[in-house]
Structures are given as structure tokens and as C-alpha cells.
Amino acid sequence: AEYATGQDGCSVTGGYVYRGSRIPALAGRYVFGDYCSGRIWVLTETGGNRWSMAQALGTGLRISSFGEDQAGELYVVDHAGAVYQLTTPSR
């Protein structure tokens with residue numbers, strides 16, 4: 001996957017394939033971010049070795065890393081040191 005720097009961001013921060021249970025819509029999809037824009041993206045395989053990329057979330061973070069716990073839930077690490085768990089939006 002690729003995107004234009006400047007418009008969508010400047011530096012890909014690699015992530016994980018989601019294997020948790022709290023966000024069923026992300027199951028089996030690759031979640032990653034951009035350091036400069038704070039955007040979190042999701043890659044979905046659409047078949048025949050083709051992939052679709054969609055923005056999942058816009059944040060104000062400088063995404064420096066992702067983490068995964070034993071249950072497969074994902075975390076986002078901000079350059080300033082804060083750690084956030086990815087969850088579904090509260091209603």
C-alpha cells in the first residue's frame with residue numbers, strides 16, 4: 001500500500017493485523033498509522049492479491065508505534081509517550 005506524502009501524511013508507522021475481539025469490523029485487517037497526520041488506516045484484502053486502504057480514524061497524535069496485547073487488541077503510542085487502546089466509538 002502507498003499514499004502520497006504531504007496530502008495524507010509524511011511517514012508510515014507500521015502496525016499489526018487485528019486479531020482481537022473488541023472490534024469485529026477490523027478482524028484480519030492490517031492497521032497502521034502516519035506519524036505526521038495522526039491518521040490511522042486500515043488495509044483490507046479484497047481478493048486476487050488486491051488491497052483496499054481506508055482511513056479509520058483521524059487523531060492529533062504523532063503516532064510513533066503500535067502495540068498488541070495477548071488478546072490481540074491494539075494500542076497506539078504517541079511520540080510524547082502516551083499509550084491509547086483502539087476501541088469502538090462510544091454511543
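Residues 24 or more positions apart make up 36% of the contacts in the protein chain that have a separation of 6 or more, a contact being a pair with heavy atoms within 4.5 Å. Keep in mind that this is a predicted model, in which local features need pLDDT of at least 70 and side-chain atom pairs count only at pLDDT 80 or more, while totals for chains, interfaces and linings use all residues. Residues are numbered from 1 along each chain as its sequence is written, and side-chain values use heavy atoms, with hydrogens and water left out.

So much for contacts; now for the overall build. The protein chain has seven strands and zero helices, and reading along the sequence gives β-β-β-β-β-β-β. Both kinds of element are DSSP runs numbered from the N terminus: helices are H or I with at least four residues, strands are E with at least two. The C-alpha trace spans about 30 × 30 × 25 Å along its principal axes. For 91 residues, a compact globule would have a radius of gyration near 12 Å, and the 13 Å of the protein chain agrees with that; the radius is taken over C-alpha atoms, and the globule rule is 2.2 Å times the number of residues to the power 0.38.

What about the surface? The protein chain exposes about 5,700 Å², with carbon and sulfur atoms supplying 47% of it; these areas come from the Shrake-Rupley method with a 1.4 Å probe, and for residues only the protein chains shown count as cover. Of the 91 residues, 30% count as buried. Buried means under 20% relative accessible area, exposed means over 50%, and partly exposed is in between (1.4 Å probe, protein chains only).

Next, take a look at the largest pocket, which holds about 380 Å³ of space. It is lined by 18 residues, and the closest to its centre are Ile23, Ala56, Leu57, Leu86 and Thr87. On a 1 Å grid over the protein atoms alone, a pocket is an open set of points with protein on both sides within 12 Å along at least five of seven lines, whereas a cavity is a set where a 1.4 Å probe fits but cannot get out; lining residues have an atom within 4 Å of a point. Points are joined across faces, edges and corners, and a volume is the space filled by probe spheres set on them. Strand E3 (39–47), strand E4 (50–58) and strand E7 (83–85) each give the lining at least two residues. By class, the lining has 13 nonpolar, four polar and one charged residues. Here Ala, Val, Leu, Ile, Met, Phe, Trp, Tyr, Cys and Pro count as nonpolar, Asp, Glu, Lys and Arg as charged, and the others, Gly among them, as polar.

Now for some loops. Between strand E1 (12–17) and strand E2 (30–34) you'll find alanine 25, which is exposed because its relative accessible area is 55%. Alanine 25 sits 63 residues from threonine 88 in sequence, yet their C-alpha atoms are 9.4 Å apart. Alanine 27 is also in the loop between E1 and E2, but at 48% it counts as partly exposed.

Moving on, cysteine 36 is in the loop between E2 and E3 and, at 31% relative accessibility, is partly exposed. Leaving aside neighbours within four places in sequence, cysteine 36 touches Cys10 and Arg62. Finally, asparagine 49 lies in the loop between E3 and E4. Its phi is near 60 degrees, a positive value in a residue other than glycine, and asparagine 49 is exposed, at 65% relative accessible area.
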